[in-house]
Amino acid sequence: MADLSELLASLPRLKLVAFLEGCSEAEFGTITEQCELNKSTLSKAMTVLDDAGYITIRKGYVGRRPKTWLALTDSGRKAYRDHLEALTALARRARENTGERQRPLQ
């Protein structure tokens, strides 16, 4: 399970990276709303991911209001995709070893 990322085992960090996978950049407030994270939780998640090099943080202003934008780095994008691939492989392994078929969503 080498491709499963310990950093993405945290739900807030996984939500953040998954959301950023869908856009080039997103504003902090938008992320809190769309990912259903409070500001403190998002702040902690972005600090960990920034330290790991998975995201970039850009600060600026819109008018007089300070804003923060987050973006996924290439290494963050790769880690996220590898993580998803490893999860899919794990589910596939379960089906292969138990003889069960993939169940349809209901």
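A: Let us begin with accessibility: a residue is buried under 20% relative accessible area, exposed over 50% and partly exposed in between, with a 1.4 Å probe and protein chains only. Arginine 81, at 46% relative accessibility, is therefore partly exposed, whereas lysine 78, at 52%, is exposed. This is a predicted model, in which local features need pLDDT of at least 70 and side-chain atom pairs count only at pLDDT 80 or more, while totals for chains, interfaces and linings use all residues. Residues are numbered from 1 along each chain as its sequence is written, and side-chain values use heavy atoms, with hydrogens and water left out.

Q: At what angle do helix α1 and helix α3 pack?

A: Helices (H or I, at least four residues) and strands (E, at least two) are DSSP runs, numbered from the N terminus. Axes are lines fitted to C-alpha atoms, for helices over the stretch in contact, and angles run from 0 to 180 degrees between N-to-C directions. Angles under 35 degrees count as roughly parallel, over 145 as roughly antiparallel, 65 to 115 as roughly perpendicular and the rest as oblique. Here α1 (residues 11-21) packs against α3 (residues 39-51) at about 75 degrees, with axes 9 Å apart. The two helices are therefore roughly perpendicular.

Q: How do α1 and helix α4 cross?

A: The axes of α1 and α4 (residues 74-98) cross at roughly 110 degrees and come within 10 Å, so this pair is also roughly perpendicular. Contact means heavy atoms within 4.5 Å; the α1 residues in contact with α4 include Leu14 and Glu21, and those of α4 include Arg77 and Arg81.

Q: How many salt bridges does the whole structure have?

A: A salt bridge is a side-chain nitrogen of Lys or Arg within 4 Å of a carboxyl oxygen of Asp or Glu. The search finds four. One of them joins arginine 77 to glutamate 21, at 2.9 Å from N to O. Arginine 77 belongs to α4 and glutamate 21 to α1, so the pair ties together parts 56 residues apart in sequence. Glutamate 21 also forms a salt bridge with arginine 81. Another links aspartate 82 and lysine 78, with the closest N and O atoms 2.6 Å apart. Shared partners join Glu21, Arg77 and Arg81 into one network.

Q: How many disulfides are found?

A: A disulfide is a covalent bond between the sulfur atoms of two cysteines, counted here when the sulfur atoms are within 2.5 Å. The search finds zero. For cysteine 23, the nearest cysteine sulfur, that of cysteine 35, is 9.0 Å away.
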